[in-house]
Amino acid sequence: MMEVDSVHSTIEQYIKPPIFAPSDYITRIRQARPQKPYDVKSIHYDFFLNFEEMESNLKSIRPGKKKGDPVVVDIRGLKYLSDGSVFYRLRHVDEWSVLPQRRNNQRNGLVSPNRLYRSPLKITESKFKHLQELKMFYPEGLREQIHWLNTTYDVKEIVITENGVPTLEDGLVDIVRLDYYKEYLEQVLLAINDGINVTGYTAWTLMDNFEWLGGY
């Protein structure tokens, strides 16, 4: 428990606004411990299992049965063993006690749990629009600008000489920048499919950005 509390406390110092996207949390968590960054793993819908279908699923983890006995909120520690045994204690200084095994009465023969979800969970249209409003970037704006230039001026060719984003991420795992280029290049491709002659796109910056610090 102490290790978990320590990790949580360290991360909390970096989880501060502004947070625009889930990838921001990944960046902040990695930065919370620079010398030995935390290993952040993304969990997808197929990670979750439905243990409620299992015959061995616990119906309750309440230590007592009758009125006046300890209840769930009185538990200060739980310990699970690979053989299915569960132990509890009401104080951190107490010895472990066996938790009463009140199991579900299902008889479906399942020895391993099924997937809880068969596909990604859908969100409502209003929720999706709200999430888009929270985004730091507006890729659709690049396509709109290309259309504006094409209709406002008599241009034969459009070359985007600089487009990119600075991030706080270190190393090669740069999720924010990857997402940025993917979404903006998709908009450039859509503009080309619209019939506009976009012939070039230069990323800012491809390798470095020394001019700000180095003075050149």
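A: Start with a definition: a salt bridge is a side-chain nitrogen of Lys or Arg within 4 Å of a carboxyl oxygen of Asp or Glu. The model is predicted.

Q: What makes aspartate 39 and lysine 41 a salt bridge?
A: Their side chains meet at 3.1 Å, N to O. The cut-off is within 4 Å, so the pair qualifies. Both aspartate 39 and lysine 41 are exposed. The structure holds five salt bridges.

Q: Why is the contact of aspartate 154 with lysine 156 called a salt bridge?
A: The closest N and O atoms are 3.9 Å apart. The limit is 4 Å, so the contact counts.

Q: How do you know that aspartate 154 is exposed?
A: Its relative accessible area is 68%. Exposed means over 50%, so the label holds. Lysine 156, at 66% relative accessibility, is exposed by that rule.

Q: What makes arginine 143 and aspartate 194 a salt bridge?
A: The N to O distance is 2.8 Å. That is within 4 Å, so the pair is a salt bridge. The pair links distant parts of the chain, 51 residues apart. Arginine 143 is in helix H4, and aspartate 194 is in the loop between helix H5 and strand S9.

Q: Why is arginine 143 called partly exposed?
A: Its relative accessibility is 26%. Buried means under 20% and exposed over 50%, so a value in between is partly exposed. Aspartate 194, at 37%, is partly exposed too.

Q: Why is the aromatic pair of phenylalanine 137 and tyrosine 180 called edge-to-face?
A: The angle between the planes is 85°. The centres are 4.9 Å apart, and the limit for a pair is 6.5 Å. Phenylalanine 137 is in the loop between helices H3 and H4, tyrosine 180 in helix H5.

Q: What makes the pair of tyrosine 180 and tyrosine 184 stacked?
A: Their planes are at 20°, with centres 4.1 Å apart. Planes under 30 degrees apart count as stacked, so the pair is stacked. Both lie in helix H5, about one turn of the helix apart. Ring pairs link Phe137, Tyr180, Tyr181 and Tyr184 into a cluster.

Q: How do you know that tyrosine 180 is buried?
A: Its relative accessible area is 6%. Buried means under 20%, so tyrosine 180 is buried. Tyrosine 184, at 9%, counts as buried as well.

Technical notes. Residues numbered from 1 in each chain as written. Predicted model: local features only at pLDDT ≥ 70, side-chain atom pairs only at ≥ 80, totals over all residues. Heavy atoms only, no water. Buried < 20%, exposed > 50% of the residue type's maximum accessible area, 1.4 Å probe, protein only. Helix = DSSP H or I, 4+ residues; strand = E, 2+ residues; numbered from the N terminus. Phe/Tyr/Trp six-rings, centres within 6.5 Å; stacked < 30°, edge-to-face > 60°.
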